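Visitor: Hi! Could you walk me through this one?
Guide: Happy to. Here it is.

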Amino acid sequence: MRAMGWAGKSLLLVAAATACFASAESRLSRASIAAMEDAINAKFRVNSPDPYDLLGTARGTYLEGYGVVFTVELQLVNVSPPSPFNPKISDAEVAQIRDRKLRKLPQLKEAMRSLMATAGSSLANLPPEEKISMEAILWSYSWESTRGMPHRVFLSVQKQKLLEALAAHTDPALVIEEQER
Amino acid sequence: MSTCSRVDEIRDYAMGEGPAEARGAIENHAASCEECAGELQRMRLVTAALRSMPEEEVPQRIAFVSDKIFEPSPVTRFFQGFWNSTARLGFASACLLTVAITTFALRQPAAAPVAPSPAAANATATQASYTPALSQREIARQIDEAVAKAVTQVREQDARLTKAALESAEARHQKEHQALMVAMQESMTVLQKRLSTYTMLASNYQPREAAGQ
């Protein structure tokens, strides 16, 4: 035992550390998650007559044994907040903003489902039994009317179910679980 | 002055006098004589006017003022003497006026009792408490005190109202200011989020040429 000396011990430690890091390495590469984040940012930055207001870029995280989770923060519509030159937002304007947001909500869900379908195809290293989840955090001002409006929209689906639905050309909405909070 | 010699015959004819056989000759002459024709016309007018007057009977006897029949009765003499005397008429008018005033005063209906208003009650009380012994200076002093008291009350009430209005306006302003500050803070938060987002996107941006390499 004494013959191993310091060199042997050091080699043993290096081998153990290498084994530990190798077991902790993610199955899903950071590059594939970043590509999906870019796709989400591009989707919500698109110029349209009624664009989203992207307030936080997409963030993706892989959780071993669960799957991948993407989060993004946005405002459903662009809103001009009160200012010293326009300190009071009228009740009619508040109601109008709420109506616009309620009309935009289904479009957001449809966009999220489309992105999840893209993720199911692009994240090849994600095990089929794990999930693809996406959460949109909806920003709203304190003076807005949020009656009937969710603060978060969370969609989740098992990758295998999603791929099966896409292969069968069925609507992904049938397999994607949806939660509003 | 008539020049025709038959003017008298014309007048008799007009009055219906003269012989009947001569009336034809007179009518022929009046037709040829202008003067007699004018006289005949005037006479006819006169006779027509006389005939239109009513007939009056001639009095059968002549009476004198001194006759008993013209002597007035005692009642007539009293009234004649009454109406012809200014002093009596004046006295009678004064008596009638006095009787009328007295009758009106006695027959005046009693007024319904009316509750006196506070101001009237105060005025009455003031009048009741008024004594001629109060000097002019004392009255002026009392008036000055009352006016000063009233002015003080009005000023205190105005001060209270002004203070309440100011407090209400201040509270409303404070509330609006607070709401505006919250809104501004939220706007700043949103701007910071946008700035962070754009910074992140810009840092991840790769030109097409670089991305293709």
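Guide: One term to begin with: two residues are in contact if their C-beta atoms, placed from the backbone, lie within 7 Å. In chain A, among contacts with a separation of 6 or more, 64% come from residues 24 or more positions apart.

Visitor: Where does this model come from, and how are things numbered?
Guide: This is a predicted model, in which local features need pLDDT of at least 70, side-chain atom pairs count only at pLDDT 80 or more, and totals for chains, interfaces and linings use all residues. Residues are numbered from 1 along each chain as its sequence is written, while chains are lettered from A and ligands numbered from 1 in the order in which they are written.

Visitor: What does the model score?
Guide: The ipTM is 0.75 and the pTM is 0.54.

Visitor: And what pLDDT does chain B average?
Guide: Chain B averages 81, and 81% of the residues score at least 70. pLDDT is the predictor's confidence in each residue, from 0 to 100.

Visitor: Which element of chain B has the lowest mean pLDDT?
Guide: That is helix α8 (residues 208–212) of chain B, at 52, while helix α7 (residues 136–204) of chain B has the highest, 91. Helices (H or I, at least four residues) and strands (E, at least two) are DSSP runs, numbered from the N terminus. Where pLDDT is low, the predicted coordinates should not be read in detail.

Visitor: Back to chain A. How many helices and strands are there?
Guide: Chain A has four helices and five strands, running α-α-β-β-α-β-β-α-β from the N terminus.

Visitor: How much of chain A is buried?
Guide: Of its 181 residues, 23% count as buried. Buried means 20 or more other C-beta atoms within 10 Å of a residue's own, exposed means 12 or fewer, and partly exposed is in between, with C-beta atoms placed from the backbone.

Visitor: Last one: how many residues of α5(B) are buried?
Guide: Zero of its 22 residues, so α5(B) is hardly covered.
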